[in-house]
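Please follow this tour with the model open in the viewer. Each stop names a selection and then describes what is found there.

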Amino acid sequence: RPNRSSTMDQPVVPHVVFLPFPAQGHVKPMLMLAELLSQAGFEATFINSNHIQHRLEHSINIATMYRRFPKFQFRSVTDGLPSDHPRSSSSIVQLLISARDETRTEFRNLLVNLGQKNGRWEPPTCIIADGIMSFAIDIAEELTIPVITFRTFSACCTWTYFHLTKLIEQGEVPFQGPGDVDMDKTITCIPGLEGTLRCRDLPGICRLKEANDPLLQFFIKETAAMPRAYGVILNTFDGLEASMVSKLGSFFSKIYTLGPLQGLFDTFAKSPSARTSFNGLLWKEDRGCISWLDFHPSRSVIYVSFGSLVCLVRDQLLEFWHGLVNSGKPFLWVLRSDSILGEDGVSEVPLELKAATEERGCIVDWAPQEEVLAHPAIGGFLTHSGWNSTLESIFAGVPMICWPMFADQQVNSRCVSELWKIGFDMKDKCERAVIEKLVRDLMESDEIVKSTDEFARMARDSVKEGGSSYSNLQKLIEDIKSISL
Ligand code: UDP
């Protein structure tokens, strides 16, 4: 690494290279972090996959972003998949493996190139890499560049992933489902979560046939590599997960809890225009739903979205649709055009459902989710429990009905219902009668609204000046400066 010792009149400007895993739920929080560090005066190179970069260029105004941050640049590398590959939830394993095997060389070459000082940019002084891209740690070690890992999961789920090997050794994992094991059996071998997690609440990757399944082994290896980094960044806040964060202290000497990242923009912005993030979304938002919400009374609408990857089969689509209509509540539903599996899609939907939807529903391809959740008309969120969605809902003070599908979602939904008591967990069920009842119960429960308001207050406090996430961001900035010398 080139010598970059500072002089009295020319302090070193850190140049941070960001490498997110190429999926919506990873790119968005990483880009928010990159924006916040750019506001602190750092140089930033943000490395997307070619596919993600192409999509991002259609949804955010890159020229405006470059104007706001003259020392910010995007670069892109291969994810190893052909350009017409769907990169959907059913092929996520392929993406995980190909990104691991194919991105490595181009990422290394790019770093070496960035290291040849070229006048305008300093050589990279720090890498912030996704917690499931440990090849970046290997390369950082080889090129002697300090590396920090950013795990886009909750602390609770990150802690659970550290116990995958123990779960296998104790015979709890893998399992295939209800016929195979008692899904309600309590899991006792994860300290701090003994009374909380049942078999059905373990991460989606535990639902497999073989312990040596490449997917399970992939996550075991990636998790084990994280502590080799200088520190770990988590998009959570201490008021929500202090005990799990302190447990993670046995693996990491530096833990930066910075959540909710979107909340830091308000307090940390150096100028009024920087108070909102560029919002690294891969779909064009349909803003018509905001005017639709404007016509509804306070806390009357249920918002429904299953994130960027979850797909529904036709039976599930119809159960949700009937359940929502039968609840009698107005609903705003994100149905991505690529989210319905099978041939009929939404075209062959019973007429009575269509009529009820015209009367009290609004369906969009992609919503401005954070703005939707902050809208006074929203009274509940039927979600797949992705971590970003969960945290955004907590920040907005909106209670949840959880319908998790894979990855960390099973753990998140259990925390929502059992630990934080800010929603209901509907996992492993998709029945219209259950959906109808839970929507009504959620929108009418004062108790849940009380605890949801309390966590929203704590989230806001954590990002205020002097709050835990605000202070941790300042600490991260100072630490990056010191390792950039
Ligand atoms: N999102 C959005 N509009 C939508 C649906 C989702 O802006 O209509 C955003 C949402 O705000 C969140 C992200 O997409 O930041 C989804 O991330 P999450 O971790 O919840 O789920 P994933 O897509 O990774 O499964």
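**First stop: the ligand.** Select the ligand and the 19 residues around it; Gly25, Gly307, Ser308, Gly386 and Ser389 come nearest. Next, highlight helix H1 (24-39), helix H14 (369-374) and helix H15 (387-396), the elements that each give two or more residues to this shell. Of the contributors, H15 gives the most, with four residues. Colouring the shell around the ligand by residue class shows seven nonpolar, nine polar and three charged residues.

**Second stop: a helix pair.** Now select helix H12 (residues 314-327) together with helix H17 (residues 432-444). Their axes lie 7 Å apart, and the two helices pack at an angle of about 40 degrees. The crossing of H12 and H17 is right-handed. To display the contact, show Glu319, Phe320, His322, Gly323, Leu324, Asn326 and Ser327 on H12, then Arg432, Ile435, Glu436, Val439 and Arg440 on H17. By class, the residues of this contact divide into four nonpolar, four polar and four charged.

**Last stop: confidence.** Finally, colour the protein by pLDDT, since this is a predicted model. The mean pLDDT of the protein is 93, and 96% of its residues reach 70 or more. For the complex, the predictor gives an ipTM of 1.00 and a pTM of 0.96.

How values were computed
Residues are numbered from 1 along each chain as its sequence is written. This is a predicted model: local features need pLDDT of at least 70, side-chain atom pairs count only at pLDDT 80 or more; totals for chains, interfaces and linings use all residues. A residue is near a molecule or strand if its C-beta atom, placed from the backbone, lies within 6 Å of it. Ala, Val, Leu, Ile, Met, Phe, Trp, Tyr, Cys and Pro count as nonpolar, Asp, Glu, Lys and Arg as charged, and the others, Gly among them, as polar. Axes are lines fitted to C-alpha atoms, for helices over the stretch in contact, and angles run from 0 to 180 degrees between N-to-C directions. A crossing is left-handed if the near helix is turned anticlockwise from the far one by less than a right angle, and right-handed if clockwise. Two residues are in contact if their C-beta atoms, placed from the backbone, lie within 7 Å. pLDDT is the predictor's confidence in each residue, from 0 to 100.
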